Amino acid sequence: LSDEDFADGQIGVLTLLVKCGLAASNGEARKLVQGGGVSLNGEKVADFKQQLAKDFFNEECMIKKGKKTYHKVSLDA
């Protein structure tokens, strides 16, 4: 992720899923979250309106879609 991806120092979980290529659109990402198919660092994402602060990505962040698709998210230096 780059600085341009963050609005006011935060990024929405739907935008994150689209940026990572785990969903083709915000609508598809919302359905994934509502269906319980998304987790961040091992914790299920329950609210599709969730905002993540830029500081959340200072350490390694694993985003999981379903049972088999994992992505590591980090900030560009």
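This is a predicted model: local features need pLDDT of at least 70, side-chain atom pairs count only at pLDDT 80 or more; totals for chains, interfaces and linings use all residues.

**Exercise 1: who faces whom**

Find how many bridges join E5 to E6, and name the bridge partner of Leu40 in E5.

*Solution.* Step 1. Start with E2 and E5. Strand E2 covers residues 38–40 and strand E5 covers residues 61–65, and three bridges pair them in the antiparallel sense.

Step 1. Pick out the partners. Leu40 has Ile63 as its bridge partner in E5, while Val38 stands opposite Lys65 in E5.

Step 2. Move across to E5 and E6. These two run antiparallel and are joined by five bridges. Here Cys61 has Val73 in E6 as its bridge partner.

**Exercise 2: the nonpolar core**

Say how many residues the largest nonpolar core has, and which element gives the largest share of this core.

*Solution.* Step 1. Count the members: the largest nonpolar core has 20 residues. Those with the most contacts inside this core are Leu1, Leu16, Leu17, Leu40, Phe57, Ile63 and Val73.

Step 1. Ask where the members come from. H1, H2, E2 and E5 each give two or more residues to the core. H1 supplies the largest share, with four residues.

Step 2. Zoom in on one member, Leu16. Leave aside its neighbours within four places in sequence, and Leu16 is in contact with Leu1, Ile11, Leu40, Leu52, Phe57, Ile63 and Val73.

**Exercise 3: a charged residue tucked away**

Decide whether Asp5 counts as buried or exposed, and list what its side chain reaches.

*Solution.* Step 1. Locate Asp5: you'll find this residue in the segment before strand E1 (10–12).

Step 1. Check the accessibility. Asp5 has 17% relative accessibility, and buried means under 20%, so Asp5 counts as buried.

Step 2. Look for polar partners. The Asp5 side chain makes a polar contact with the side chain of Lys19 at 3.0 Å. It also reaches the backbone nitrogen of Ser2 at 3.0 Å.

Step 3. Not counting residues up to four places away in sequence, Asp5 touches Gln10, Ile11 and Lys19.

**Exercise 4: aromatic rings**

Classify the ring pair of Phe56 and Phe57 from the distance between centres and the angle of the planes.

*Solution.* Step 1. Count first: there are two aromatic pairs.

Step 1. Take Phe56 and Phe57. Their ring centres are 5.3 Å apart and their planes stand at 90°, so this pair is edge-to-face.

Step 2. Compare their surroundings. Phe57 counts as buried at 2% relative accessibility, whereas Phe56 is partly exposed at 32%.

Step 3. Visit one more ring. The charged end of Arg30 sits over the ring of Phe48, 5.8 Å from its centre.

**Exercise 5: positive phi**

Find where Asp8 and Asn41 are placed, and what phi each one has.

Step 1. Look at Asp8. This residue is in the segment before E1, and its phi is positive, about 55°, although it is not a glycine. Asp8 is exposed, with a relative accessible area of 81%.

Step 2. Turn to Asn41, in the loop between E2 and E3. Asn41 has a positive phi near 50°, and it counts as partly exposed at 40% relative accessibility.

Terms used:
Residues are numbered from 1 along each chain as its sequence is written. Side-chain values use heavy atoms; hydrogens and water are left out. Buried means under 20% relative accessible area, exposed over 50%, partly exposed in between (1.4 Å probe, protein chains only). A polar contact is a pair of N or O atoms within 3.5 Å; within protein, one must be able to donate a hydrogen and the other to accept it, and residues adjacent in sequence count only if both atoms are side-chain atoms. Contact means heavy atoms within 4.5 Å. Two strands pair if DSSP finds at least two bridges between them. A nonpolar core is a set of buried Ala, Val, Leu, Ile, Met, Phe, Trp, Tyr and Cys residues joined through side-chain atoms within 4.5 Å. Rings of Phe, Tyr and Trp (its six-membered ring) pair if their centres lie within 6.5 Å; planes under 30 degrees apart count as stacked, over 60 as edge-to-face and the rest as tilted. A charge sits over a ring if NZ of Lys or CZ of Arg is within 6 Å of the ring centre and within 35 degrees of the ring normal.
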